[in-house]
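This report covers selected strands and helices and a surface patch. The model is shown below.

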Amino acid sequence: MNPLREAWQSVVRRDPLSTDKGKSELIFLNVWLHIHPAKVKKENLKVKHTFYLGFITFFLFLILVTTGVALMIYYRPQSPQAYQDMKDLQFVVYLGTFLRNMHRWSAHGMVICVFLHMCRVFYTGSYKRPRQFNWVIGVVLFLLTLGLSFTGYLLPWDQLAFWAITVGTNIGSYAPLMGAKIRELLLGGHAVGESALLRFYVLHVAVLPALMTLLTMVHFWRVRKDGGLSRPVWKLQEEKSAQLVTIGAPDTSAALAAVPASQDKTYGLMEVVTGKPIFETVSMEEEEDTVFSYPYAFFREGIALLVTVATVMAVSLFWKAPLEELANPAKTPNPAKAPWYFLGLQELVSHSALLGGVIVPTLAVLALIAIPYIDSNPSRRPADRKWAIRAFTLFVVVNVVLIVVGTFFRGPGWALVPPWVHITGAE
Amino acid sequence: MKRRSFVSWGTAGLVAVCSAIGVSLGAVVRFLTPSVFYEPPQTFKIGNPADFSYGPPTFLAEEKIFVFRDPEKGFAVASAVCTHLGCTVGYFQSDERFHCPCHGSVFNADGTVQHGPAPRPLEWFEVTLARDGQLMVDKDRAVPANYRLMVAS
């Protein structure tokens with residue numbers, strides 16, 4: 001046998017991809033690909049079902065890890081070197097500005113895509129049984145994304161960074177009982193300084209990304225274990241699909257023939273397990289609706305990856321990541337605004353630190369986590385869940401309005417201003 | 001295994017596991033709390049009384065304090081740190097008030113909250129006369145807003 005061919009075979013260990021067996025083995029025998037099913041439902045590949053938002057979020061995370069590691073090579077988490085390193089990245093390091101732009105814009109994109117992904121999952125009712133807990137993991141991943149954003153924009157040690165830590169850790173200090181301790185542990189001191197920068201750096205490059213990676217793995221794993229992607233809502237309207245049933249095996253005394261004889265195929269999980277075996281009946285039509293992941297799903301995921309990377313690169317070519325002056329503890333910029341995704345929170349905080357900074361956000365997160373357990377309505381059809389959809393839409397609208405007010409309608413001293421002063425300048 | 005010994009061993013095991021977790025958590029929190037703070041001292045000298053003028057307060061940026069000097073009432077030192085979320089307030093002579101740039105809190109000249117989200121008045125710190133005749137501020141000692149240091153000139 002041709003030794004080259006043999007070497008190749010020792011790597012891939014599968015039949016040729018021209019065969020169905022090869023297409024399946026490509027996935028089963030590959031540690032990276034086996035998170036996919038061998039076959040996927042055609043309907044689940046449709047863009048209008050998921051908009052590929054989960055994939056895009058994951059691809060943005062990959063861009064963030066890659067560019068983040070590159071930026072670490074030219075970054076020292078000390079004051080004032082941190083800021084000097086930003087300037088070096090801007091003016092000295094080859095591709096420095098471009099990498100920093102990519103890192104920043106992917107981070108913004110990730111906040112948007114995680115949020116949109118959450119909206120998609122809500123509106124399609126995909127958090128319902130058996131996917132309740134995966135929704136909870138998703139909410140935690142959303143919080144981790146915000147945590148990574150927060151710890152990330154501190155690292156340049158510019159004015160934004162300094163006052164964001166000051167305000168952010170002070171919000172933490174309003175937490176009941178252990179508020180002051182939380183602030184001291186975050187800052188590693190009583191004032192924002194070197195130890196705070198180092199601690200946020202460790203959180204940003206080690207602790208939070210590790211948690212994010214682990215939970216992402218669990219999130220993906222559970223998508224598979226919970227039966228893959230949910231059925232598109234429009235499929236639920238069709239009578240036939242609604243009758244699909246999973247049946248338990250009959251008692252040991254009864255014969256397997258008890259399963260209704262029809263055109264449908266019955267699959268059993270043939271394993272040595274105690275308790276009842278699991279049988280699932282899938283209609284023939286269902287099976288014809290599936291395609292092999294290779295090449296159909298992989299091709300679409302590849303397109304999503306390319307579009308994501310290309311978009312981030314294009315944005316990074318034309319828009320620079322912001323960098324303010326060197327951190328100056330003596331002078332608070334006026335107005336001192338957080339990045340846009342925290343301006344809703346800042347707007348709340350401007351009314352009351354305890355209520356807006358601690359109580360309302362905590363309740364909002366708890367409510368998000370509790371959604372699959374509060375919503376006992378089993379139906380996923382929009383027509384059957386009008387109130388759930390109204391309530392969630394209200395939540396989304398309130399978030400957007402708060403962010404818009406904080407971004408466009410707040411000026412120096414957090415006073416209300418008409419939005420055009422940001423373009424024309426104050427009078 | 002007898003029920004009695006199961007219960008006693010089980011309780012002992014549970015106590016052991018819980019205390020191990022408790023001690024470890026305590027150690028983690030203690031580890032994260034620095035034993036030494038390399039921070040500027042809370043007690044410091046700010047100069048001779050004659051260095052400060054009457055009229056609007058003097059802002060010391062590094063110390064984040066305002067030094068008031070009044071011909072009749074003497075010296076007083078106010079914190080420039082907003083009690084809301086820690087931004088540095090500015091003193092505006094036009095309305096004789098402190099304004100916070102972050103969330104719009106406004107404080108009167110005596111430190112009380114005029115309006116805005118700030119929950120407490122600005123802090124006032126003890127100011128004394130050191131042996132060498134310089135003014136000495138102790139940020140660890142809060143004093144009432146009417147505290148004054150009279151210096152005979």
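Two strands count as paired if DSSP finds at least two bridges between them. The model is predicted. In chain B, a hairpin connects strand β3(B) to β4(B) by way of 3 residues. The pairings of β3(B) are listed here.

| Strands | Sense | Bridges | Residues between the strands |
|---|---|---|---|
| β2(B) (residues 58-60) and β3(B) | antiparallel | 3 bridges | 4 residues |
| β3(B) and β4(B) (residues 74-79) | antiparallel | 6 bridges | 3 residues |

On the β4(B) side, Asp70(B) has Gly74(B) as its bridge partner. Buried here means under 20% relative accessible area.

In chain A, helix α5(A) covers residues 81-91, and its buried residues are Ala82(A), Tyr83(A), Asp85(A), Met86(A) and Leu89(A). Viewed down the helix axis, the buried residues of α5(A) fall within an arc of 155°, so they line one face of the helix. An α-helix has 3.6 residues a turn, so residues three or four places apart point the same way. The cover over the buried residues of α5(A) includes α4, α6 and α10 of chain A.

Which residues form a nonpolar patch on the surface? They are Leu354(A), Leu355(A), Ile359(A), Val360(A), Leu363(A) and Leu366(A), with about 500 Å² of accessible area together. One of them, Leu366(A), belongs to helix α16(A), residues 353-374.

Conventions: Residues numbered from 1 in each chain as written. Chains lettered and ligands numbered in written order. Predicted model: local features only at pLDDT ≥ 70, side-chain atom pairs only at ≥ 80, totals over all residues. Heavy atoms only, no water. Helix = DSSP H or I, 4+ residues; strand = E, 2+ residues; numbered from the N terminus. Patch = residues over 30% accessible without salt bridge, like charges linked within 9 Å, V, L, I, M, F, W, Y side chains within 5 Å. Areas by Shrake-Rupley, 256 points an atom, 1.4 Å probe, with all protein chains shown as cover. Salt bridge = Lys/Arg side-chain N within 4 Å of Asp/Glu carboxyl O. Buried < 20%, exposed > 50% of the residue type's maximum accessible area, 1.4 Å probe, protein only. Arc of directions from axis to C-beta. Contact = heavy atoms within 4.5 Å.
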